[in-house]
Amino acid sequence: MTTRRTAAAAVTAATALTLLATWGGARTAGAATVAAAPGTARTAAAAGECRTLAPGASAVAEKAVAAACEQIGVWYTWGGGHGPQPGPTYGQVDPSDPDSAHDPERLGFDCSGLVRYAYHRAAGGDPLPGNAYHQFHAPQAQQRFTAAQGTAPLLPGDLLAWGSGGSIHHIALYLGAGKMVEARESGTRITVSDVRLGGDYAGAVRIAPPATAPGTFSTWGTDVWTHKEPSTTSERVHRFPGPTTVRIACQKHAEPVIGCTGSRARPRCASHARSTPNP
């Protein structure tokens, strides 16, 4: 037993040294910027344990999955990944979780820190800052799915969320085939898990690819029309039955409109504007 414990300790120490060397080994108050994936992550990804497992996802979503899968084996650490820039950071002690006692010594991510980093790597910038609640309700949401819908309509890269009563406490990235990659809890490492549809599973959200041209937005309503001219009385060109991406060219000043594009919090009235659907 002593020999076995000694070997296990040596493996743990070697893994910790690998992670620290990969992330630069510098412990700072801010985020550590990712330079390369840990060797353990590359091995896991190469073995097919974490990858896109279904077709149909956008290129950005597939890149987000790949970025998250590169972190297999990295520590979960409470508060990790929420520095000034996306990337792993040392965590904090969660007063409600005794298992987090060593999180300040561990360089890694919590659940939303991992999602933030994955979409940063995939789309550039910092499109999903904030915690799991903020990400689940992000204005970049292209489509939402209820808990009752299960995994049937989901695509790789969709964000799965858990919580109740309007509170979201956990988030993960869907891989397809009923699998997800997640930073689950203190004392564990980023891993692939079976999707947990029971309990307080709250549903999923699909993140829209970033705009590719100025004036490109996603509609959230139904029966959105484009018009030949920037006027509500001009000839209608095409009706979109559901949410889609449009590029807004112009709109006549002060003319009332009925439908809008963009988020409900920041509507951009364009259903009666001259719009061009993106391919």
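Q: How do you know that strand 4 and strand 9 pair?
A: Two strands pair if DSSP finds at least two bridges between them, and strand 4 and strand 9 (residues 201-207) have 4 bridges in the antiparallel sense. They therefore count as paired. In strand 9, V205 is the bridge partner of R144. The model is predicted, so local features need pLDDT of at least 70 and side-chain atom pairs pLDDT 80 or more, while totals for chains, interfaces and linings use all residues. Residues are numbered from 1 along each chain as its sequence is written, and side-chain values use heavy atoms, leaving out hydrogens and water.

Q: What makes a run of residues a strand or a helix?
A: Both are DSSP runs numbered from the N terminus: helices are H or I with at least four residues, strands are E with at least two.

Q: What makes strand 4 and strand 8 edges of the sheet?
A: The open sheet has 6 strands in the order 4-9-5-6-7-8, with antiparallel pairing. Strand 4 (141-145) and strand 8 (191-194) each have a single partner strand, so one side of each is left without a neighbour in the sheet.

Q: How do you know that strand 5 pairs with strand 6 and with strand 9?
A: Strand 5 is joined to strand 6 by 6 bridges and to strand 9 by 4 bridges, and both pairings run antiparallel. L160 stands opposite A172 in strand 6, and W162 stands opposite Y201 in strand 9. Strand 5 and strand 6 also form a hairpin with 2 residues between them, where G165 in the turn has a positive phi of about 65 degrees.

Q: Why is strand 5 called mostly covered?
A: Buried means under 20% relative accessible area, with exposed over 50% and partly exposed in between (1.4 Å probe, protein chains only). In strand 5, 5 of its 6 residues are buried.

Q: Which residues of helix 3 and helix 4 make the contact?
A: Contact means heavy atoms within 4.5 Å. Among the residues that make it are V60 and A61 of helix 3 and L114 and Y117 of helix 4.
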